[in-house]
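Welcome! Take a moment to look over the model below, and then we will walk through a helix pair, a chain and a chain-to-chain contact.

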Amino acid sequence: MASPEVLLTNLLYGLTIASALVLISSGLSLIFGIVGVVNFAHGSFGMLGAYLGFSLVMATGSFWAALLLAPLIVTAGAIVMERLTLRPLYGLNPLYQLFLTFALSLVFSNLVLLVWGGDTVSIPTPSYLRGFVSIFGIAYPTFRLFVLVFSACLAAALWLFIGRSAWGAVLRAGLHNMEMVEAFGINTRALVTAVFAVGAGLAAVAGVVMGAMRSVNPEMDLDLITSALVVVVIGGLGSFRGAVIGSLILGTAESFGAQLLPGLAKFVVWIVMAAILLWRPEGLVKDA
Amino acid sequence: MSQRDQSRPSPVTRRAFLKAASGATAAAALTGPFPASVNVARAQSREIKIGIVSAYSGVFSVIGKRSELGIRLAFEKSKYRDRVKFFIEDSQVKPDVAVQKAQRLVEREGVDVLVGPVAGHEALAVSEYSKSKKKLMLLVYGGNVKIAGDSCSRYTFMVGHTIWSVSVPVVPWILETLGKDVFLMGSDYITGKDIVRWMDEGIKKGGGRVVGTAFPPLGNAEFAPYIAQIKNASPRPKVVTGFIGGSDLVALAKQFDEFGLKREGIAMVQTIGGFSDVQARAIGEAGVGHYDIIHYSRWLSHKENQDFLADFKKFAPDELVDDAHALGYDVGTSIVYGLDAAGGVPDNEKMIDAIVERRWVGPRGESSFGPNHAIRHPTYVRQIQKVGNEYRSIPIKPLGITGTPGDAAGPGGLCKL
Amino acid sequence: MTTPALALEGVNTFYGPSHILFDLGLTVGEGTVTCLLGRNGAGKTTAIRTIMGLTPPRSGAITFRGERISGLRPWQIFRRGIKLVPQGRGIFPPLSVEENLRLALLRAEAPEPAAELEKVYALFPVLAERRRQRGQTLSGGELQMLAIARALLGRTGLILMDEPTEGLAPLVVRTIQETLHRIKREGATVLLAEQNARMALDVGDWHHIIDDGRIRFSGDSRSILGNDEIMTQYLGVSPR
């Protein structure tokens, strides 16, 4: 049953999913890290990205337009949302923020039903990405490989930015002590908005690639937020490295779980999560 | 788009009011004060209250809205158009909410007929309630086989289908046309499991071979591991069939193509009309050539369907008509039929006795009810084809008329009415 | 003294419902080291946080070089040249020494960041040695030097220092003390919150004694050294 080809296919598939998960979960994790808000509406950014991406492909015929513009539109919307709704609640009881973002996720899902109806759609991919690539003798779909490489490059760029750049250092400092960052001349409200916006944009990118690999439907916000929450709980809230590690674990657990324990795929993920929580309740990684 | 309103009664028109008033006056003039015939006249001119408990929020809201339009069209074309008043409630696809809303409609609003919810478990719950209240209920969807079997009810009519009637009848065609080696795949919940079990039995009985079975979780969007199972099955299947729910199916069909199964010539057959026109459009090129089984298609050419489509065009020009509209319409015309038979009065017992005998040719074709009140409808094999720039799910083969047996060997057990 | 660099007038600060600073008034002269002396819990840290905008006052006025800064946010106050050496050092442990310094330089209006770094490395050679090390690996004294170094980068008009010698070994306290003298010689304006009266009286030009969130006495070092009541009651030091 588990021939080397099958194992390799599952590994590749797990990595592809993991790379897309990094995009969706890193924003959730970083937002929590700097302002302590678990943004329940984060999955909605992915869904909105996917639906906008779908409409953009339909309107322009270009997948690349969707991949570029949909995240930009979502980013702009996220900035407005953060300023108008979340900002007044920072520093209050976290329950308020949870209620608010939960309510916003309902608003977004009804917005999607209103604008796009309840029908499932999917984002057409460019024809030259539809074939196969041979990797170690395994025919792997080109589009998946593209998603893997593209998402991994984005994640690597983000990693370098956070780890090496001056503003990355500000972010890492903010994860540790936001007040002190402000005391060193940095407008942390603007910083929060920026992180929120980038996180939303990355989620939208994930939405577009997921919407092309899978489908775009009014329930995908829940799928995305659930996966992202599992990732950050495994990896450790507020840590980019944790989001990467959590995504790798979730992606491979899902792929190998479905292969080795058919019918228990989702179950395997929860077991892995429970085991990690018992072993290290604070998640695998502490710092950014 | 204000479908989320709790109740939206249609306004009583001036014409209806005048008609009612003049009818009553005429009757009174003929027979003096308060004879029995006045009550009949009053009854014949009073409002007919239809209570709809359906999905109006969440993903299934499309189904609720579309089928409601079908019901409204049926009344629009009837002589009750000015007397009918609709009461709309959202079941949220939860059995307890559905019963509570049905209760509200029956006990507070005093509706004359109920139209039941869309999911199997809530349909059963509301059916039990309507039985206890002796209130006529018609189901648009809610194809729970129990309602056709040991939980059947005199007061419940399954107008749409059961999950059995739009799945299992395709098995002989698969074995005959596509091949004997079949891989079964069902979403991991009751409907997917039931359909896979029934099809498994049917395939073995029909001389076919089940080379593998998989149950991806409901809400699954990643089929790569399951596709790997199909690829590793020995012998390689000729057909993949079963039931994969709604948006999961779009992902499956895309990945089926992405991972090359389609190119290999493996056929996919979906049950319960999985590949509707809307789904076909969502899947795009990757879906072309796949099959499904269902009772309706807007591409059916018989006169009754063409009339229905033309009427819909006038009634709601922007709607892309699909099976939800057609089933709603059949529910609506069945209620109208019952009212006609009961002399324009919503006498539930008389209506039931009439509806059970109803035979008609509707948008789906020749239809009637079995003794267990489950619909007998034509079924078709459809195939996704590209016509111009459009992806359509076109009927390619009629499979005859199917009902759901309510006997001890039937999928839902013995129905005693 | 001419116009003070910093002036507080009638400042009231609260933490939630609890009133911490009562009508606080004090001044810091340009080019002086002014000390805020008092015991634990007297309100020193709150006063520093209030000036920096971290715990904004509910009433009263704070002016810096004639401009009202109360009501501004901390980052705006920083950009007017007010630098904080916070209690507990406030170093970012996951960042390296150099990253900590560069973060402080980012908005410090330094035309030549590299030169600024060299300046503080010259002042604290040990930081130059540890420039790649993470904050969390430094000793208490090194952390304090790093905290002071951060405040010296770029355009600095006033340094707010909150208990820089707290928890340090006597030898390290001496080093910090020498550093303060050096900064003072170079003309910096400092508001130093201290419990360590001996060091404060040695370095400081002017002192405000704070207790229960109120200024009890203001004067130069000599006037305090000569006042046994203040020395015992507020500073917990037995007169020599």
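H4(B) passes H5(B) in a right-handed crossing, where right-handed means that the near helix is turned clockwise from the far one by less than a right angle. This is a predicted model, in which local features need pLDDT of at least 70, side-chain atom pairs count only at pLDDT 80 or more, and totals for chains, interfaces and linings use all residues. Residues are numbered from 1 along each chain as its sequence is written, while chains are lettered from A and ligands numbered from 1 in the order in which they are written.

**The helix pair**
- H4 of chain B covers residues 95-108 and H5 of chain B covers residues 120-133, and they pack at an angle of about 35 degrees with axes 8 Å apart (axes are lines fitted to C-alpha atoms over the stretch in contact, and angles run from 0 to 180 degrees between N-to-C directions).
- Among the residues making this contact are Ala98(B) and Val99(B) of H4(B) and Ala125(B) and Tyr129(B) of H5(B); contact means C-beta atoms, placed from the backbone, within 7 Å.
- The residues of this contact divide into 8 nonpolar, 3 polar and 2 charged (Ala, Val, Leu, Ile, Met, Phe, Trp, Tyr, Cys and Pro are nonpolar, Asp, Glu, Lys and Arg charged, and the others, Gly among them, polar).

**Chain B as a whole**
- Chain B has 14 helices and 14 strands, which are DSSP runs (H or I, at least four residues, for helices; E, at least two, for strands), numbered from the N terminus.

**Where chain B touches chain A**
- Chain B gives 30 residues to the contact and chain A gives 33.
- On the side of chain B, 17 residues are nonpolar, 9 polar and 4 charged.

Note on methods: Contact = placed C-beta atoms within 7 Å.
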